[in-house]
Amino acid sequence: MSLYGSIRMAANSLRANQIALQVVGQNIANAQTPGYIREEVLLSPAPTQRYGGLLLGLGVQLKAVVQKVDNFLEHRLRDAVSDLASSEIQEQTYIQLEGLLNELGETDVSTALNNFFASIAEILNQPESISVRNLAVLQGNTLALQIRRLSQRVLELRSHLNEQVESMADDINRLTEKIRTLNVRIAELEGGDTSRSDAVGLRDQRLAALEELAQLINIRVEEQPSGGVAVYAGGLFLVSEGIQRSVEVRYKTDRGVPAAFIHLEETDSPLEVTAGRLAGLIEARDGVLGEFLDQLNEFSRTLIFEFNRVYSRGQGLNGYTQLLSAQAVRAANVPLNLAGLPFEVRNGSFQVLIHNARTGETKTHQIFVDLNGIGEDTTLQRLASALNSLDGLSAEARLDGKLRIRSESAEQQFAFANDTSNVLAALGLNTFFAGTSAATIHVNSVVQDAPATFAASAGGIGADTQIAVELAGFLDRPLEGKNGASLAVLYDRLISGVAEGSSISRALADGARVFEGTLRGQKLAASGVNIDEETVRLIAFQRAFQASARYIAALAELFEILVSL
């Protein structure tokens, strides 16, 4: 090897150590930069050269500047980020739902339930007092208001989650477009298969974008030979090197309201997500809150119907002079059990009591409800005709599907008793509660306007308090339609279901946080900058640079001697 060759070899060594020093400086400068991946210089011995009978080395060879990335760890971390985002959304939703229930406060549904049935018990002490009955009506109003308010707030929370799902499409499109752009730039800089160095700054940005996308949806990432990546959501690709496929919002009706879902715009296929914020939002909206609303509505329907079944068999201090059903049928000539009433009507009968206030005489009439499917079943028109045939009453099936009953004389009042068909509770005649769900439950306007009609008696108008006795104990009464469970048990199940779900979601979120933190620590150890280690490398490369410079100086002296000969 000539002196010129030795000088070139030393110059290569200087250049390699200079670049290595620059990489160390880059690492130190970004020691606190979020998302920065430590860089590393790859050095290798240069090929040998034959010099006479000898094989001599040609110094150092600079192969590449690469990132210290554990791709398998990055994959696991993205999965952990997706799981954490999903579980935290559900955890937060349960926390908000528990706050709405406010079971430890004084304005919760359970307190309103207890106060309502306690107010009915007071009627037993003062059966002749209209003000006591009015207090029961007011407590019923409070209970209905609490249930409606809870339903409305849960619906608002569900709507808020739905809005977040709607905004998710823009965020996904923004990130996938960013990844696509970075794919193209990385491929251009790295030169495809011929490149050995990483486009380190751009790769840092792409890793950060992939992790941000993983917070939204669970993804699978596959790096391509060109340096770009393909990103999949389930079986659908969103990015493939320089190609990006957009997503958009689609709507489906869920529980009567539009619910947003994310679909691939090109094929209109729904994104197959099982983790990430999107999956967490959908599960919180349709699973946590949607199922809670289903249970709350079922509880409210049970309260309305079962309470009214008992209440409609009673009479108040006063009877009625006119009454309009709260519920309407779809068609007045269709059997009542097929006419679209919200509650079940069955084969049976009920009694109509017609009381003459002047003479004190009460006449009892039996009205049969025939729904056995044999012959002519009872329709609203036939029911109106049966009532209209009673002396002192007129009844009509109105065009809006409701039943109106009137007394033909101001001296006469009517009441009801012993309904075994549920027709009174289903139509909303002589009932306390009206509505069909948690959002619509309210106290019947008839009893609100005339608290004296509160049905506490079973033996006639103002006769006794037998129905009030049954209603006062209704909270703990086994319900036939609920396999013997009482209203109190049903509400306890509703609350305990939320508490149990909250506990599980909190445990899952805590586990996801710990796991994600562990993986992030592993990533920091593998890809993060350690100042102590970089300082050692700095000293090593500095010494190598100095030695190479001294070697060049020695060669220069030899060259001067050679020239002077």
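This is a predicted model: local features need pLDDT of at least 70, side-chain atom pairs count only at pLDDT 80 or more; totals for chains, interfaces and linings use all residues.
How many aromatic pairs does the count come to? I got 19 aromatic pairs, taking rings of Phe, Tyr and Trp (its six-membered ring) as paired if their centres lie within 6.5 Å. Planes under 30 degrees apart I called stacked, those over 60 edge-to-face, and the rest tilted.

I number residues from 1 along each chain as its sequence is written, and side-chain values use heavy atoms, with hydrogens and water left out.

**Rings**

I looked up Phe432 and Phe454, an edge-to-face pair with 5.6 Å centre to centre and 75 degrees between the planes. Phe432 sits in the loop between α8 (423-427) and β18 (433-434), and Phe454 in the loop between α9 (445-449) and α10 (466-472), so this pair ties together parts 22 residues apart in sequence. For the numbering, helices (H or I, at least four residues) and strands (E, at least two) are DSSP runs counted from the N terminus.

Phe432 is buried, at 0% relative accessibility. Phe454 is buried too, at 0%. My cut-offs: buried is under 20% relative accessible area, exposed is over 50%, and partly exposed is in between (1.4 Å probe, protein chains only).

**Arginines over rings**

I checked for charges over rings (NZ of Lys or CZ of Arg within 6 Å of the ring centre and within 35 degrees of the ring normal). Arg245 lies over the face of Phe237, 4.0 Å from the ring centre.

I stayed with Arg285, which is in helix α6 (residues 276-311). Is Arg285 buried or exposed? Arg285 counts as buried, at 1% relative accessibility. Setting aside residues up to four places away in sequence, I found that Arg285 touches Arg158, Leu161, Asn162, Val165, Ala259, Ala260, Phe261 and Gly290, where contact means heavy atoms within 4.5 Å.

**A loop residue**

Asn102 is in the loop between α2 (71-101) and α3 (109-125). I have Asn102 down as partly exposed, at 29% relative accessibility. Leaving aside neighbours within four places in sequence, Asn102 is in contact with Thr107 and Asp108.
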